[in-house]
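Hi everyone, thanks for making time this morning.

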Amino acid sequence: MPDTTKHLLLVEDEAPLRQAIAEQLSDRGYHVEQAESGEAAIARLADFAFDIIITDLRLPGVDGSAVIEAAVARYPDIIAIVVTGYGTVKDAVEAIKRGASDFVSKPFQIDELLHVLGSALEQRRLKSENAYLRSQLEERYRFEGVVGKSRPMARLFQLLETVAPTNSTILITGETGTGKEVVARAIHLNGPRRMHRFVALNCSAIPETLLEAELFGHVRGAFTGAVGNRQGRLEQAHKGTVFLDEVGTMSSALQMKLLRVLQEREFERVGDSHTTKVDVRVIAATNSDLARMVAEGQFREDLFYRLNVIPVHLPPLRERKEDIPLLVQHFLAILRNGAPTSLTVSQEAMRRLMSFSWPGNVRQLENAVERAVALSAGRTQIDVGDLPTEVQKAQETALTTAVTLPEDGLDLDAFIADIERDLIQRSLERTGGNKGKAARLLNLKRTTLVEKLKRLSPQE
Ligand SMILES: Nc1ncnc2c1ncn2[C@@H]1O[C@H](COP(=O)(O)OP(=O)(O)OP(=O)(O)O)[C@@H](O)[C@H]1O
Ligand SMILES: [Mg+2]
């Protein structure tokens, strides 16, 4: 019996036969409508999206394969089954070419039809499940290069989705290596300015004296060595996005000039009396606490508010450990660079990777994976010995350390999910992977355990 009512259109010109099949299918829970001709069927299909169409091939007027063709053209997902006369396999093949899922030959037992119908339904279910999984994958990579499926990352994606299409200034905060630059690029690539440039400037990497010229450009003779006119990063980013990394390190004079850019979208090149106008979106990033710097008088308050129109905070990796396996796969795929051999990570190594606190966050993890790939050359699996010493020494602490409430709080759901996953993992290990026994250890129904496994699995 179908689980949800399936709407079925039955096309057959012989009324008694049609009536008989319709009754049998109705008894099996299908919602059946009947059409006595190809024309009638096509007309009915135009205003109702049937799940299934079963049609006789030989019909007066418009024949069955034309009906199939029309049905599939309109509804590519429809299940179309043809009923052929005895010995007309050639016609059946023709109908399948036109999009029919399967056929039954007259005379047939109702069970035969039900069987064909059942397997077609199953096939379609698998197909849509695949499509669903694919869309899940795409969802995860919705923001180019930003990998993550944890709660904090899901929230981040949601926020990015709302802010990317706007022109608002964004301030991205987060510890080193949490992905501030990847996120800034992703915002740019998902917004209306994607056709224009994304220009990054790391304010802490350039000596203060050169930073102004780098940002605003200069005119010839503005200072010693300024041999020609030169565009600054802001002008280079015209119509696009400028990414100001480590804004916290700017001098107060420069902070003032940046404020003017944010308010008026204008500035002067160094040494120029002429005002330049630009159309840029500004995304800034910092790993220092700008609010505190404001309180301590090291950062202009007005600039802070101008920059902080939309704050985007990137959580440290230790607060989203369930993303670690995903990130590891991501980096392995990048390192493999299309090569067919796939390197795996032993469960023990993965546990250490997930137990380590990663002060250098994703960048540090990326480096560790790269190193492990090099060390594991010639093997098919990365093992504990391939990990950096400090990671090897990481204890499996999920259950013990985190039971204290961290200073800045925690994500309860993610935390509980961690613990659940950990316990399920352990019970599976203890029972050699036997889900029934593992479920009993946890006083769960087997189906509940399987369900939880699916939900908690960080990979898929
Ligand atoms: N969510 C993520 N998915 C995939 N890769 C990531 C992610 N976050 C960071 N990375 C990778 O980690 C590395 C560090 O990221 P990024 O340079 O954006 O960090 P950052 O926050 O700007 O660090 P810093 O403050 O040190 O400049 C990059 O190689 C980046 O590709
Ligand atoms: Mg950075």
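Let's begin with E214 and R233, whose side chains form a salt bridge with an N to O distance of 2.8 Å. By salt bridge I mean a side-chain nitrogen of Lys or Arg within 4 Å of a carboxyl oxygen of Asp or Glu. E214 sits in helix α8 and R233 in helix α9 (residues 233–236), so this pair ties together parts that are 19 residues apart in sequence. Helices here are DSSP runs of H or I with at least four residues, strands are runs of E with at least two, and both are numbered from the N terminus. E214 counts as buried because its relative accessibility is 15%. The cut-offs are under 20% relative accessible area for buried, over 50% for exposed, and partly exposed in between, with a 1.4 Å probe and protein chains only.

A word on where this comes from: it is a predicted model, where local features need pLDDT of at least 70 and side-chain atom pairs count only at pLDDT 80 or more, while totals for chains, interfaces and linings use all residues. Residues are numbered from 1 along each chain as its sequence is written, chains are lettered from A and ligands numbered from 1 in the order in which they are written, and side-chain values use heavy atoms, with hydrogens and water left out.

Back to the charges. How many salt bridges does the rule give? The count comes to 25. Some share partners, and in that way R260, E266, E268 and K277 are joined into one network.

Two other pairs are worth a look. R151 and D413 meet through their side chains at 3.0 Å, N to O, in a salt bridge. This one links distant parts of the chain, with R151 in helix α6 (residues 151–163) and D413 in helix α17, 262 residues apart. R151 is partly exposed because its relative accessibility is 40%, and D413 is partly exposed too, at 44%. Then there is E94 with R98, a salt bridge whose closest N and O atoms are 3.6 Å apart. E94 is partly exposed at 34% relative accessibility, and R98 is partly exposed at 30%.

Which residues have the most contacts inside the largest nonpolar core? They are L234, L244, V247, F299 and L307, in a core of 31 residues. Several elements supply at least two residues each, among them β7 (198–202), β10 (241–245), α10 (252–264) and β13 (281–286). The largest share, five residues, comes from α10.

Take L244 as a guide. Setting aside neighbours within four places in sequence, L244 is in contact (heavy atoms within 4.5 Å) with partners including L201, L215, L258 and V282. There is also a second, separate core of 26 residues, which includes L317, L326, V328 and L343.

On to the rings. The structure holds four aromatic pairs. The rule is that rings of Phe, Tyr and Trp (its six-membered ring) pair if their centres lie within 6.5 Å, with planes under 30 degrees apart called stacked, over 60 edge-to-face, and the rest tilted. F198 and F243 have ring centres 5.9 Å apart and planes at 20 degrees, so they are stacked. F198 belongs to strand β7 and F243 to strand β10, so the pair ties together parts that are 45 residues apart in sequence. Both are buried: F198 has a relative accessible area of 15%, and F243 is at 0%.

Next, P315, in the loop between β14 (310–313) and α13 (324–336). Is P315 buried or exposed? P315 is buried, at 8% relative accessible area. Leaving out neighbours within four places in sequence, P315 is in contact with P152, T178 and R320.

Technical notes: Core = buried A, V, L, I, M, F, W, Y, C linked by side-chain atoms within 4.5 Å.
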